[in-house]
Amino acid sequence: MTDQSWAMKGELVLSCNCTVFCPCVLSLGSHPPTEGYCQTWAGFRIDAGHFGEVDLSGLNLGLVMEIPGYMSRGNWTAGLFIDERASIYAVKALTKIFTGKAGGTTSLLSILVGKFLGVEQVPITYETRDKTRIFQIPKIIDGAVTPIPGKDRDKDTVISNSEYWIAPEIIVARSDKSKMRAFGRNWNLAGRSAEICKLDWRGP
């Protein structure tokens, strides 16, 4: 499966412990998180995707990460949650993608993640209500993230044409609700930095 071509399109939402918008986005990892370390979870909605002949369309994912300092210096800890509806082949494919072993957009995870906490298959929902993204994994993640409006109150504040590895365009957001309980961790990141991006990743 290593050299299979893969792609996924959809949307992702990310909530972290930074008190103002994540400096890692603008500094590309050369500035520390506002608290000196990063606690973050991300939710993924795959509208269309594949790994070789394995269909990934319609699946949701959750990713939990801890970064002890500068993002670019590595030593990340990560754990992955995969939709309970995923086939065993999709689970294997998504694990390869999110550990960086499939190459492409996520390849740097194979370098930066020092400790992988494992994979759990669970029910996951990703909804959009008005502009708020609701991401939930029962008893694990309870998140609601809303874009921050710009000067034109009908439009979101957006960072565009960025070299940020996740996406070139990032909607600046804030978490209305953000609880994460898993892998021996218990976080409440409500009111802190969040972002929403188009998911358009591929490899190898």
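Reply: Contact here means heavy atoms within 4.5 Å. By that rule, and leaving aside residues up to four places away in sequence, Thr-132 touches Glu-127, Ala-144, Val-145, Thr-146 and Asp-176. The model is predicted, so local features need pLDDT of at least 70 and side-chain atom pairs pLDDT 80 or more, while totals for chains, interfaces and linings use all residues. Residues are numbered from 1 along each chain as its sequence is written, and side-chain values use heavy atoms, without hydrogens or water.

Thr-132 belongs to strand β8, residues 132–137 (strands are DSSP E runs of at least two residues, helices H or I runs of at least four, numbered from the N terminus). Thr-132 counts as buried because its relative accessibility is 17% (buried is under 20%, exposed over 50%, partly exposed in between, with a 1.4 Å probe and protein chains only).

In helix α2, residues 88–98, the buried residues are Ala-90, Val-91, Ala-93, Leu-94, Thr-95, Ile-97 and Phe-98. Just after α2, Gly-100 has a positive phi of about 85°.

The structure holds 2 cavities of 30 Å³ or more (a cavity is a set of points on a 1 Å grid over the protein atoms alone where a 1.4 Å probe fits but cannot get out; lining residues have an atom within 4 Å of a point). The largest cavity contains about 100 Å³ of space. Its lining has 15 residues, and Leu-14, Cys-38, Thr-40, Met-71 and Tyr-164 lie nearest the centre. Strands β1, β2 (38–51) and β4 (60–67) each supply at least two lining residues. By class, 14 residues of this lining are nonpolar, 1 is polar and none is charged (Ala, Val, Leu, Ile, Met, Phe, Trp, Tyr, Cys and Pro count as nonpolar, Asp, Glu, Lys and Arg as charged, the others, including Gly, as polar).

The second largest cavity holds about 40 Å³, in a volume filled by probe spheres set on grid points joined across faces, edges and corners. Around it stand Leu-14, Ala-42, Phe-44, Leu-63, Met-65, Trp-165, Ile-166 and Trp-201. Two or more of these residues come from each of β2 and β4. By class, 8 are nonpolar, with no polar and no charged residues.

How values were computed: 1 Å grid on protein atoms, 1.4 Å probe; cavity = no way out; pocket = protein on both sides within 12 Å on 5 of 7 lines; lining within 4 Å.
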